Amino acid sequence: MGHDRHVKYVDGLLKTWHPSARTTQGYGGRFTVADVIIIGGGPAGSVLGSYLSMAGVSNIILEKAVHPRPHVGESLVSSTVRIFDEIGFLPTMEEAGFTRKYGAAWRPTKKEGEFSIRFAEFPQEGVNQDYTYHVERSKFDHLLLLHARDLGSKVVQGVEVREVLFDDNNAATGVRVSIDGASTELSSKFVIDCSGRNTILGNQLGLRQKDPVFNQFAVAAWFENVHRSDNPETEEYIHIYFLPTERGWAWQIPLTDEITSIGVVAEREVFKQSRQRKEEYFWDMVATSPALATAMENAKQVEDFNTEADYSYVMEKFVGNSWMLVGDSARFVDPIFSSGISIAAEAAKYASKSIVEALQTGDRSEAALQPYEDKIKAGVAIWYEFILLYYKLMHLFTYFIDHKEHRLQILQLLQGEVYERENAPVLDAMREMIKTVEETPGHLWAGHLTDIPID
Ligand SMILES: Cc1cc2nc3c(=O)[nH]c(=O)nc-3n(C[C@H](O)[C@H](O)[C@H](O)COP(=O)(O)OP(=O)(O)OC[C@H]3O[C@@H](n4cnc5c(N)ncnc54)[C@H](O)[C@@H]3O)c2cc1C
């Protein structure tokens with residue numbers, strides 16, 4: 001194998017060739033194609049690539065699938081709008097005609113009616129519209145990837161990263177991929193894992209820690225003819241139905257005028273013990289909520305059921321020498337509040353800042369990247385605490401939403417705005433209330449407390 005073979009990025013492809021033979025072939029050498037290698041072209045990878053290109057940092061996104069590819073996670077929170085604006089992606093969102101999401105509604109198990117919030121109730125700095133979007137992920141992720149490419153990211157699809165490469169100082173130096181059937185090594189100054197729940201680098205380094213509380217299981221599909229709401233104002237909100245089973249809930253996401261995504265979620269054990277096939281399980285879960293059953297009365301399924309399991313975890317650390325984990329590859333929390341894409345996008349933004357700074361100072365050490373980890377861990381911890389308190393006592397959530405003093409704070413959390421714990425005193429108020437319920441004999445809500453540990 002001579003060093004006269006080369007790897008080059010040409011029009012979305014990594015080409016390897018031997019000049020004398022004039023053919024494209026595999027090669028066992030190492031090549032630098034960009035300063036930053038981004039593994040994965042989902043929202044985290046594309047937003048990161050966009051920010052880096054805007055800052056003039058060369059980057060390549062290696063995506064194993066070929067977009068458009070399906071993906072779960074179809075409803076956004078409003079803080080994502082600020083990021084789309086910053087990277088110039090908002091006009092594309094508008095042109096694509098994604099359903100506008102003005103708010104969120106909750107439907108209690110037995111009671112009629114709904115509790116709702118509208119994003120416009122609390123103006124967000126840097127967000128100049130009162131809605132965000134529901135998205136068909138195949139279309140959204142594809143457009144975002146193309147946007148990153150248009151801003152300057154090299155984008156290669158259909159190439160799977162097999163391994164991240166390290167030197168003797170535990171610094172990431174590149175990745176191993178397979179091109180034209182041959183193993184090829186690509187070098188870079190940074191390797192950023194945006195591989196989602198595939199968590200390629202976290203797995204390689206043995207960093208993955210299973211969530212001690214959550215082990216949820218979801219079954220979802222697309223339907224036509226779903227009766228979305230009796231209230232025209234909330235028809236295009238996301239609707240969350242409380243289900244009377246352990247950590248049970250369902251989402252209703254209006255994807256287009258005709259198509260609605262419906263998913264049911266509960267502890268995996270609930271599904272296992274049902275001994276049912278996913279179809280039967282789904283419809284039985286729907287039947288447990290009178291409101292959801294009514295909404296689904298005339299529904300016509302237009303897509304096969306998909307399942308998602310084992311999706312809550314955290315990596316022991318998010319950074320090391322010349323590497324970072326961004327988006328789901330770092331941590332995944334229960335999707336009850338549609339936080340995933342917002343977290344991925346915010347993390348990508350902060351990661352890009354750290355990378356730019358590190359390239360300027362020449363210090364790419366774990367210590368230099370630590371502030372990124374601290375920031376993102378703190379932000380996601382707030383989401384996680386909110387989710388724990390929600391599952392501890394669901395009644396509290398609807399009570400707080402209707403409570404003048406707490407409503408705006410809850411809304412701020414739901415918008416994805418809070419990254420400092422001291423700015424979320426509503427979580428302390430929720431804890432206080434839970435304590436009161438626990439310590440008051442015969443409290444009206446006592447029977448609704450779950451055994452979720454919240455400390
Ligand atoms: C049941 C459920 C419901 C959810 N609902 C919502 C919701 O309503 N709203 C919301 O915001 N979020 C939701 N989420 C979360 C959301 O799906 C994720 O948070 C989001 O997709 C994270 O983006 P990402 O870019 O980090 O990862 P991904 O979107 O998963 O992208 C990772 C990309 O990396 C690629 N890849 C993987 N391995 C490799 C490799 N080795 N080499 C090259 N490429 C690779 C994959 O093909 C993929 O394209 C939900 C999740 C679940 C499980």
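The expected span of a helix is 1.5 Å times one less than its number of residues, and helices (H or I, at least four residues) and strands (E, at least two) are DSSP runs numbered from the N terminus. The model on screen is predicted, so local features need pLDDT of at least 70 and side-chain atom pairs count only at pLDDT 80 or more, while totals for chains, interfaces and linings use all residues. Residues are numbered from 1 along each chain as its sequence is written, and side-chain values use heavy atoms, with hydrogens and water left out.

**First stop: helix H1**

Select residues 43-54, which make up helix H1. At 1.5 Å a residue its twelve residues should span 16 Å, and this agrees with the end C-alpha atoms, which are 16 Å apart. Eleven of the twelve residues of H1 are buried, where buried means under 20% relative accessible area, exposed over 50% and partly exposed in between (1.4 Å probe, protein chains only). Among the buried residues are Pro43, Val47, Leu48, Tyr51 and Leu52. To see what covers them, show strand S5 (36-39), strand S6 (59-63), helix H4 (137-151) and helix H9 (340-361), which are included in that cover. Following H1, look for glycine 56, whose phi is positive, near 80°.

**Second stop: aromatic rings**

The structure holds 27 aromatic pairs; rings of Phe, Tyr and Trp (its six-membered ring) pair if their centres lie within 6.5 Å, with planes under 30 degrees apart counted as stacked, over 60 as edge-to-face and the rest as tilted. Select tyrosine 131 and tyrosine 133: their ring centres are 5.7 Å apart and their planes stand at 85°, so this pair is edge-to-face. Tyrosine 131 counts as buried at 9% relative accessibility, and tyrosine 133 is also buried, with a relative accessible area of 1%. Next, select the aromatic cluster that includes Trp106, Phe214, Phe337 and Tyr384.

Now show strands S16, S23 and S26, which form an open antiparallel sheet in the order S16-S23-S26; two strands pair if DSSP finds at least two bridges between them. The edge strands, each pairing on one side only, are S16 (208-210) and S26 (331-332). S16 pairs with S23 (residues 313-315) over three bridges, and lysine 210 has tyrosine 313 in S23 as its bridge partner. Finally, select arginine 197, which lies over the face of phenylalanine 332 at 5.6 Å from the ring centre.

Notes:
Lys NZ or Arg CZ within 6 Å of the ring centre and 35° of its normal. Contact = heavy atoms within 4.5 Å.
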